[in-house]
Amino acid sequence: MPAQGKHRRSPSISLGRTLAAVTAGGAVLALPVIGATSAFAAPAAAAAPQAVAPAAVAAPVNSVAKAAPTKHSVVAGETLSKIAREYSVSGGWKKLYEGNRKIVGSNPDLIHPGIKLVIAASSDDKAAKASPSAERGTPADRADRSERINAAPVAQAAEQKAVTYTNDLDGWIRESLAVMAEHGIPGTYEGIHRNIMRESSGNPAAINNWDSNAAKGTPSKGLLQVIDPTFQAYHVPGTSTDSYDPVANITAACNYAADRYGSIDNVFGAY
């Protein structure tokens, strides 16, 4: 570029002058007219798109950076390993556990239905979203991803079918805990077991025919000795309507205890 204050003319440029006369004042204004065979304005015109391009590229990157983490509600039969595979968590179940240690607790092998896990987006996910070509991937990547997606529902259904409860006190308590988790009813295995042993010694057909409730015509029944009015008021949908049913009896009693005492864990005597 020529130095400021100096005017150079390219030999390839022909200059002509046209005089425009202003007759009103008798003045004459000389206006130079330049006829150029080479265009010096071209570099300036080419620079315009370069200024716009960075802003256009930055927009999708910013939108990806603001993406919120995914939340997953645990259902019966799921494990951290399974959930990590389902969401392709970088670092597997260990990384998932590290991010949800406060929710899961000290034992990563024991996750309760109903708790919500935070699935943080991995850097690979963000890169794929920022780059359309990366998201499409190679044919082999797409085939592998399609296979994983199609296999996920089958694996999930198989694991859910594998969840069974034994027809004994241990199985009844565990199934009740799963139902309670779905409905947000607090309580622990220890709290339920302790109260069952005090109330019925683990006999689901137990009935009290001698106390004040029995005198009123509403004897206490079942594992946790629930009277019919209480069972009906605190019955949990999805369980049997028979107050002697072990799972229904436990779940209704824990629902009642949560309403009155905060949790079945807080009950240490007649309630």
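Here is a friendly chat about a predicted model of one chain.

Colleague: What does the secondary structure of the chain come to?

Modeller: There are twelve helices and six strands. Of the 271 residues, 25% count as buried.

Colleague: Let's look at Ser243. Where is Ser243 found, and why is it called buried?

Modeller: Ser243 lies in the loop between helix 11 (228–234) and helix 12 (246–261). Its relative accessible area is 7%, and buried means under 20%, so Ser243 counts as buried.

Colleague: Which residues does Ser243 touch, leaving out those up to four places away in sequence?

Modeller: Ser243 touches Lys221, Asp228, Phe231 and Asn249.

Colleague: And what makes the pairing of Ser243 with Asp228 a polar contact?

Modeller: The side chains of Ser243 and Asp228 are joined at 3.5 Å. The cut-off for a pair of N or O atoms is within 3.5 Å, so this pair qualifies as a polar contact.

Colleague: Now helix 9. Which of its residues are buried?

Modeller: In helix 9 (residues 189–199), the buried ones are Gly191, Ile192, Asn195 and Ile196.

Colleague: How do you know that they are on the same side of helix 9?

Modeller: They cover an arc of only 125° around the axis, and therefore sit on the same side of helix 9. As a general rule, an α-helix has 3.6 residues a turn, so residues three or four places apart point the same way.

Colleague: What covers the buried residues of helix 9?

Modeller: The cover includes helix 8 (169–182) and helix 12. Just after helix 9 comes Ser201, with a positive phi of about 60°.

Notes. Residues are numbered from 1 along each chain as its sequence is written. This is a predicted model: local features need pLDDT of at least 70, side-chain atom pairs count only at pLDDT 80 or more; totals for chains, interfaces and linings use all residues. Side-chain values use heavy atoms; hydrogens and water are left out. Helices (H or I, at least four residues) and strands (E, at least two) are DSSP runs, numbered from the N terminus. Buried means under 20% relative accessible area, exposed over 50%, partly exposed in between (1.4 Å probe, protein chains only). A polar contact is a pair of N or O atoms within 3.5 Å; within protein, one must be able to donate a hydrogen and the other to accept it, and residues adjacent in sequence count only if both atoms are side-chain atoms. Contact means heavy atoms within 4.5 Å. The arc is that of the directions from the helix axis to the C-beta atoms.
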